[in-house]
Amino acid sequence: MYIRREKHERDVAVAFLVDISGSTSRTLDNGRRVIDIEKEGLVLLCEALEAVGDQYGLYAYSSQGRAHVEFLTIKDFDDRLGAATARRLGGLAPRHQNRDGTAIRHAMTKLSTRDTKHRLLVMLSDGRPLDDHYRDDYSLEDTKAALREAKRQGIETFCVTIDREAESYVRPLYDETRYCVIDRVETLPTRLPRMYRQLTA
């Protein structure tokens, strides 16, 4: 009797895109801010990603008008996880607004350089896209258009929202991609690594 053993090698590149708009300064019942919970979740996520060996980048974004979109690199794909990454992650603070479509396109550019079988973009947001003159139907349609562009480039997308009022817009916004609404922000740190494992199983 012959037993054939197949080694399944992971070939994944993932970009995590984190909303650090001003609303992430919201204080929860336990006294912690939304952004503090986001950062804790990213620390645990980094540990999980290092364990499985997937290529990954961590990015944060905020904006103040179309000419001032901030796309911050916490850890680029080729960076080693270390003290510099920890400083950048620890230094994240709530900033301005969130022009989601532009940030998604920046993340797509980062992913397009990775020569892997599976490319994944995971966006973590705490509210609907909003910026100067970037609101309502226009902001929703631009974000949906960016997600469609990612799909055409062979990039899988997954959107996580921690907005308690997301039901008013989340279905039409993410109807063409997978998404998850987390109604208790405090559970994000434990749920985020688990969701990633399920996405890439």
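This is a predicted model: local features need pLDDT of at least 70, side-chain atom pairs count only at pLDDT 80 or more; totals for chains, interfaces and linings use all residues.
Residues are numbered from 1 along each chain as its sequence is written, and side-chain values use heavy atoms, with hydrogens and water left out.

**Stop 1: the sheet**

Start with the strands. Helices (H or I, at least four residues) and strands (E, at least two) are DSSP runs, numbered from the N terminus. Color the six strands of the open sheet and read their order: β3-β2-β1-β4-β5-β6, with mixed pairing. Two strands pair if DSSP finds at least two bridges between them. Now find the edges. They are β3 (69–75) and β6, each pairing on one side only. From one strand to the next, the twist averages 20°. Axes here are lines fitted to C-alpha atoms, for helices over the stretch in contact, and angles run from 0 to 180 degrees between N-to-C directions.

**Stop 2: both ends of the sheet**

Select β2 and β3. They pair in the antiparallel sense, over six bridges. Pick S62: its bridge partner is E70 in β3. The two strands form a hairpin with five residues between them. Click G65 in the turn; its phi is positive, about 95°.

Move to β5 and β6. These run parallel and are joined by four bridges. Select F158 and look across to R178 in β6, which stands opposite.

**Stop 3: helices on the sheet**

Show α1 next. This helix packs on the sheet and touches β1, β2 (55–63), β3 and β4. Contact means heavy atoms within 4.5 Å. The direction of α1 makes about 175° with that of β1. Then show α3 (residues 100–112). It lies across β1, β2, β3, β4 and β5, running at about 150° to β4.

**Stop 4: helix α6**

Select residues 188–199. This is α6, with twelve residues. From first C-alpha to last, α6 reaches 16 Å, close to the 16 Å expected at 1.5 Å a residue. The expected span is 1.5 Å times one less than the number of residues.

Which residues of α6 are buried? They are L188, P189, L192, P193, M195, Y196 and L199. Look down the axis of α6: its buried residues fall within an arc of 160°, so they line one face of the helix. The arc is that of the directions from the helix axis to the C-beta atoms. An α-helix has 3.6 residues a turn, so residues three or four places apart point the same way. The buried residues of α6 pack against β1 (12–19), α1 (34–52), β4 (118–125), β5 (155–161) and β6 (178–181).

**Stop 5: two positive phi angles**

Select H133, in the loop between β4 and α4 (136–152). Its phi is positive, about 60°, although H133 is not a glycine. H133 is exposed, with a relative accessible area of 75%. Go on to D136, which lies in helix α4. D136 is not a glycine either, yet its phi is positive at about 50°. D136 is partly exposed, at 48% relative accessible area.

**Stop 6: the cysteines**

How many disulfides are there? Zero, counting a disulfide as a pair of cysteine sulfur atoms within 2.5 Å. C159 is buried at 1% relative accessibility. C180 is buried at 13%.

Methods. Buried means under 20% relative accessible area, exposed over 50%, partly exposed in between (1.4 Å probe, protein chains only).
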